[in-house]
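Please look through the sequence and the model below.

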Amino acid sequence: MIWNQWYAILDSKEVKKNKLLGVKRLGERLVIWRNGDGTLTCLADKCAHRGAALCRGKLAGKEVECPFHGLRYDATGKCTVIPSRGASVPVPENFKVKAYPVREHLGFIWMWWGDERKTYPDIKFFQNIDDKFSYETHACPWSMHYSRCVENQLDAPHVPFVHPDTIGRGHATIIDGPYVETGDGEIKFYPEMRKEDGTPSKLPKEMERPDTRMYLHFIFPNVWENNIIDKLKVVAYFVPVDEENSVVYVRGYQKFVTIPGLRWLVNKISNRLNQKILHQDKAVVETQLPKKTNLNMKENLFPADSPIIAYRKMRHELQGQNPSEKQGN
Ligand code: FES
Ligand SMILES: [Fe+2]
């Protein structure tokens, strides 16, 4: 994984008040909960005593109690009591678990994966989405490293083949360009698709920035937006579970229907369609080998893969900033 980043890890709805949730994210077992006041705590889910899962324990106020021998941990991961020693005995410093900084933004939970800091950078999300949008989310586990999930959404030429009865209707197989913009941990590209007409596709370098509002936008490390129109977006969150597994969350955001009942219906219908499209992708992506991508790998790419090439280059550069013990992930 890329170090020193905020990773989208969970839909806000998945973490309930006063209830422990055990999940695996970025290869780590985590326990996460929401206190009565809505604040979140996220700790490594492995007791510092003898490794039991804290998520199987219980909450005692704002602390989690291990189910095995009752050690309690506060929000900083510090053990506050060892019952077998007695509450009056101070707990040694080494009885602690890692606490992960977590934040919430527009109905999603982000976790900081990186060095501890006094202050953390802001979460980078799409500026054109605000709390005026309503949404419905579909979450789906994919048995694939998250890099493959990301690349699937940077891939225009698959659309007529994988989605012939949904977004790929019309069999527009030629991809001109696409025009790709990169910078500051972001990739934007403008897919231009047309039917086979006997002429070759234009190369990315022959393209000018199209005069269109429709574009696809990826922000490192793991969020993507299909910017359909001002009031309608589809966002995918590619959540890393471990080296071979991810959860892909797809969320349709809209603000053109505001009447409550109708809004609910429109969001449900769009969610059904997003779900169908995502499952069409999953069926093919889960067959790809290897399960994880890298800059230098034995694949033969063509010009329409240029957003994927941009992604691999940028990811490689960002991984280069990982501390040495984090290299290679
Ligand atoms: S393993 Fe958690 S208290 Fe012993
Ligand atoms: Fe797709």
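Helices (H or I, at least four residues) and strands (E, at least two) are DSSP runs, numbered from the N terminus. By this definition the protein has 4 helices and 17 strands. Its radius of gyration (taken over C-alpha atoms) is 22 Å, close to the 20 Å given for 329 residues by the globule rule, so the protein is as compact as a globular protein of that length. That rule is 2.2 Å times the number of residues to the power 0.38. The C-alpha trace spans about 80 × 50 × 35 Å along its principal axes.

This is a predicted model, in which local features need pLDDT of at least 70 and side-chain atom pairs count only at pLDDT 80 or more, while totals for chains, interfaces and linings use all residues. Residues are numbered from 1 along each chain as its sequence is written, chains are lettered from A and ligands numbered from 1 in the order in which they are written, and side-chain values use heavy atoms, with hydrogens and water left out.

The protein is divided into domain 1 (5–113) and domain 2 (134–320); such bounds come from an automatic or database domain assignment. The C-alpha centres of the two domains are 34 Å apart. Where they meet, 16 residues of domain 1 are in contact with 17 residues of domain 2, contact meaning heavy atoms within 4.5 Å. Between them the domains bury about 1,300 Å², with 55% of it on carbon and sulfur atoms. Buried area here is the accessible area (1.4 Å probe) that two parts lose on being put together, summed over both.

What kinds of residues make up the side of domain 1 that touches domain 2? On the side of domain 1 that touches domain 2, the elements giving two or more residues are β1 (5–11), β2 (21–25) and β10 (108–113). Of these, β1 gives the most, with 7 residues. The residues of that side divide into 9 nonpolar, 3 polar and 4 charged. Ala, Val, Leu, Ile, Met, Phe, Trp, Tyr, Cys and Pro count as nonpolar, Asp, Glu, Lys and Arg as charged, and the others, Gly among them, as polar.

Side chains of opposite charge can pair when their charged atoms come close. A salt bridge is a side-chain nitrogen of Lys or Arg within 4 Å of a carboxyl oxygen of Asp or Glu. The structure holds 19 salt bridges. One of them joins Glu 104 and Arg 34 (2.8 Å, N to O). Glu 104 lies in strand β9 (residues 102–105) and Arg 34 in strand β3 (residues 28–34), so this pair ties together parts that are 70 residues apart in sequence.

The one from Gly 177 to Pro 178 is cis, with omega near 5°, and Pro 178 is in strand β12 (residues 174–183). The bond from Phe 220 to Pro 221 is also cis, with omega near 0°; Pro 221 is in the loop between β14 (215–219) and β15 (223–229).
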